Amino acid sequence: MVKLTNHGVFLSKDWEFSDRPLEGGLTAKEGKTRTMAYGIMEAHNHSGDMEHLQLKFDALVSPDNNYVNILQTARASGIKKFPVPYVLSNCHHTLCAVGGTINEDDHVFGLGNAKKYGGIFVPPYRAVLHQYMREMMAGCGKMILGSDSHSRYGALGTMGIGEGGGEVAKQLLGRTYDVAFPPVLAVKLTGAPRPGVGPQDVALALVAATFKNNFNKNKVLEFVGPGIENLSMEYRMGIDVMTTESAALSSVWCTDEKTESYLAEHGRQDQYHPMAPAEGAYYDGLIEIDLSRVECMIALPFHPSNAMPIREFKERMPELLAEVEAEGRKIKGEKGGEFSIMSHMRDGELYVDQALVSGCSGGLFENIVAMADILKGCAIPGNGLNLGINPASLPVMADLMAKGIAGELAVCGATLRPAICGPCFGVTDVPANNQLSIRHVTRNYPNREGSKPGQGQMAAACLMDARSIAATVRNGGRLTAATELDVEYRDIAYHFDPEIYRNQVFDNYEKGDESVSLTMGPNIADWPVMYAPKKHLLLKVAGSYKGSVTTDELVPSGEASSFRSNPEKISEYTMISRDKDYVGRAKAVRRLETERRENAGNQEHTEDPQLNGLLAALEKRLGCSAQDITLGSVMVSDQIGDGSSREQAASCQKVLGGFANLANEYATKRYRSNLINWGILPLRTSEALNEPTGEYLLIPDVRDAVAGETGAVDVEVLDEKNGSVKRHISCTLDALTEDEKKILLSGCLINYYRQ
């Protein structure tokens, strides 16, 4: 189904690949210039050096769960106008009413910024941000940067990158996205999917084969091969958007007449040109997917990479459910009560409680039509299982209504909801305690379904394709692969109505008015003061963990995100689902540092005698004054940062007084970028980490280490009684650009631009 080649290959004729250059052909260095990705990045690079890219993008996009913070950062840094089209979408929190008027206050603020600086404002219920970008902004050879991790438009020949808000703010301020030239992998598609096998099935097969072994991590996926022509544009998009879950940096596909037809349907035929790699193109690895062998898949809790064919899951069901249940009980904690999922197995079959299809991956026209075909003649009773569908945009909804598909689904008992990301983001359709949901969305991390393990309420979600979800609903909630049913699928073409966006989207690009006054609701707060590190950095471990710490754990989606525009309030939710005491420990360190700064660094004026003694010992050993030492907190874990691009995962740590993270690995480039932009040192080591909560670490001469050429950092583990060194941890900051060094030394991106 999926075959991996973990070494360089060259493209020859008829989509064949060779380990060696073609006879008389190009070297690897020359061959990499023949990929589609190279050509796109070269056209957007401003460094003059293709090994060290400085990219500027054609367009930017942000959803309402983070655009306020980005706009506040840009405003604090002196922005005058948006230099490129910047789309502000209102799709993540539209129905999340926690906190009174908070959500609509943010929308009013976003609209004001679009008026003032010249932005594009997509009002609530009109579109999920990625569908709008596909329909209105993507085009062959373009690059788009988004502050949502699923910013993927490769099927339309656009390299999309999802990053934290700091990188979007840099683009707004005319700066560049700096990255070393990434490895490029070829993804060769052959064959054609069987009826009932959908794009999520192909995507889950890809994620399962590549995530846990880091095969795609921070790389660009280039989709090629004869199988592409057997896929519709929406099918390609459904695969493409899920490449984020494989930890890839970006993606791009060969384009053809179907791409041209899609762009023409959306009024942008001029954005089309044929794209394909040239013969002799060199790739750093190869992924081969035989589409005809892909089966209907299921991704078990609590990650999309926990995927396998539904057939295989059924063969091993008791064993696999026991593993999920054990993992869930760890997440819920001893005081949270029982987490039960084995109870969903009856007579050798799995029964689910809820079914949802939504957003940028699930809510596409063809997926929903296929569901109507599968559910034909079916009635969903109101005594248990429910099926909810969120089309990806109002134009999709309108055509489903015009063609009668919406009516067919309504008669079956499915509910069609507005175009929002709610179920995917965990802010709507939260299952009851111990319930099991099947979803065609992008993620099934803990809390992504909206549950609150720390409060004793926890559910679980499995990812599946819309077709198998419909088949399962048809069978009364009994897990069923769509290929188990004999279904006559209709081929109904989607018609896009441009009047919907023309009449309802506020496109103010290049028409900003500086005289516009911004309306800021009571929850929209400015960023607090972010301190820069002094000569030496003393760190107290506020949280030490084993395994992966995800961005959903760092700052959970759902209720917490209602406070996204108030840095102090949202920081109260940091790690709440995994370690409810983390915030208190981090704030205690922050309070001590605040006391020291208020007392001009006099170590005798803190409430902690142990710290006073440690500072005195360090002052003597280092030959400095206490004013030369910054006190902050640090988080320690094997891996940190898997998941979303949300910048709050880093900014909340900084607001709480964090100055560093110490890990064996950072799951994605975007999380590491977030740390840097918020002035947090992304310390990485290959050594085993066993530093307990409460331990003190010291980085002597931290400013010299950050500014140095090697990126090497010596971290001292201290004896808290006398300040002596118990052991050294050899760390690295990895490759830092000159701008990144200056940002870290300034304390954060905002400070750097203010200076």
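**Note on aromatic contacts**

1. K219 is placed over the face of F215, at 5.5 Å from the ring centre. The model is predicted, and every value in this note is computed from it.

2. Searching the whole structure for aromatic pairs gives 14. One of the pairs is F223 with W253, which is stacked, with 4.1 Å centre to centre and 10° between the planes. This pair links distant parts of the chain, 30 residues apart: F223 belongs to strand β12 (residues 220-224) and W253 to strand β13 (residues 250-253).

3. Are F223 and W253 buried or exposed? F223 has 1% relative accessibility and therefore counts as buried. W253, at 0% relative accessibility, counts as buried.

4. F302 and F339 form a tilted pair, because their planes are at 50°, a value that falls between the limits of 30 degrees for stacked and 60 for edge-to-face. The ring centres are 6.4 Å apart, which is within the 6.5 Å cut-off for a pair.

5. The F302 and F339 pair also links distant parts of the chain, here 37 residues apart. F302 is in the loop between β16 (297-299) and β17 (307-309), while F339 is in the loop between α11 (317-332) and β18 (345-346). F302 is buried with a relative accessible area of 9%, and F339 is buried with a relative accessible area of 1%.

6. One aromatic cluster is made up of F82, Y86 and Y117.

How values were computed: Residues numbered from 1 in each chain as written. Predicted model: local features only at pLDDT ≥ 70, side-chain atom pairs only at ≥ 80, totals over all residues. Heavy atoms only, no water. Phe/Tyr/Trp six-rings, centres within 6.5 Å; stacked < 30°, edge-to-face > 60°. Helix = DSSP H or I, 4+ residues; strand = E, 2+ residues; numbered from the N terminus. Buried < 20%, exposed > 50% of the residue type's maximum accessible area, 1.4 Å probe, protein only. Lys NZ or Arg CZ within 6 Å of the ring centre and 35° of its normal.
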